[in-house]
Amino acid sequence: MSDRGMMKWQPFQSVCSSKKMVQHILEKKGKVKKPVLSEEQLKELEMRIWEGYHSQMELCIIYFFHGLFQVKKNIFISQILVGQKKILFSDGTSLFFDQIIQVN
């Protein structure tokens, strides 16, 4: 027996009151737990962040936010707030160190 995937939810989309509920269920279904990084991985991330900051390189940062992986592409680090463990970017956004999963 094959699973119909997303097709089975489409009839419920026609009922207005259940549309939000179905969207919420699908959003919740897509969420995952934050991966646990080893000490070595954390040091590697920190080194890449500082390297990108000092050399003013464009970075691609993958971070974890509300159960989902997000990507920031072609971004520069404008400031690092060590005391707050926070990174400020050239586009005005910011991230905490513990949200970052990968830096390229």
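Predicted model: local features only at pLDDT ≥ 70, side-chain atom pairs only at ≥ 80, totals over all residues.
Residues are numbered from 1 along each chain as its sequence is written, and side-chain values use heavy atoms, with hydrogens and water left out. Local features need pLDDT of at least 70 and side-chain atom pairs count only at pLDDT 80 or more, while totals for chains, interfaces and linings use all residues.

Leaving aside residues up to four places away in sequence, Val-103 touches Leu-45, Arg-48, Ile-49, Leu-59, Cys-60 and Ile-61, where contact means heavy atoms within 4.5 Å.

Next come the charged pairs. There are two salt bridges, each a side-chain nitrogen of Lys or Arg within 4 Å of a carboxyl oxygen of Asp or Glu. One joins Glu-44 to Arg-48, with the closest N and O atoms 3.0 Å apart. Both residues sit in helix H3, four residues apart, or about one turn of the helix. Glu-44 is partly exposed at 33% relative accessible area, and Arg-48 is partly exposed too, at 34%; buried means under 20%, exposed over 50% and partly exposed in between (1.4 Å probe, protein chains only).

In the other salt bridge, Lys-72 meets Asp-91 at 3.9 Å, N to O. Lys-72 belongs to strand E2 (residues 68-75) and Asp-91 to the loop between E4 and strand E5 (94-96), so this pair ties together parts 19 residues apart in sequence. Lys-72 is buried, at 12%, whereas Asp-91 is partly exposed, at 46%.

Finally, the rings: the structure holds two aromatic pairs. Trp-50 and Tyr-53 pair edge-to-face, at 6.0 Å centre to centre and 80 degrees between the planes. Rings of Phe, Tyr and Trp (its six-membered ring) pair if their centres lie within 6.5 Å, with planes under 30 degrees apart counted as stacked, over 60 as edge-to-face and the rest as tilted. Trp-50 and Tyr-53 both lie in helix H3 (residues 39-55), three residues apart. Phe-64 and Phe-69 have ring centres 5.4 Å apart and planes at 70 degrees, so they are edge-to-face as well. Phe-64 is buried, at 12%, but Phe-69 is partly exposed, at 45%.

Terms used: Helix = DSSP H or I, 4+ residues; strand = E, 2+ residues; numbered from the N terminus.
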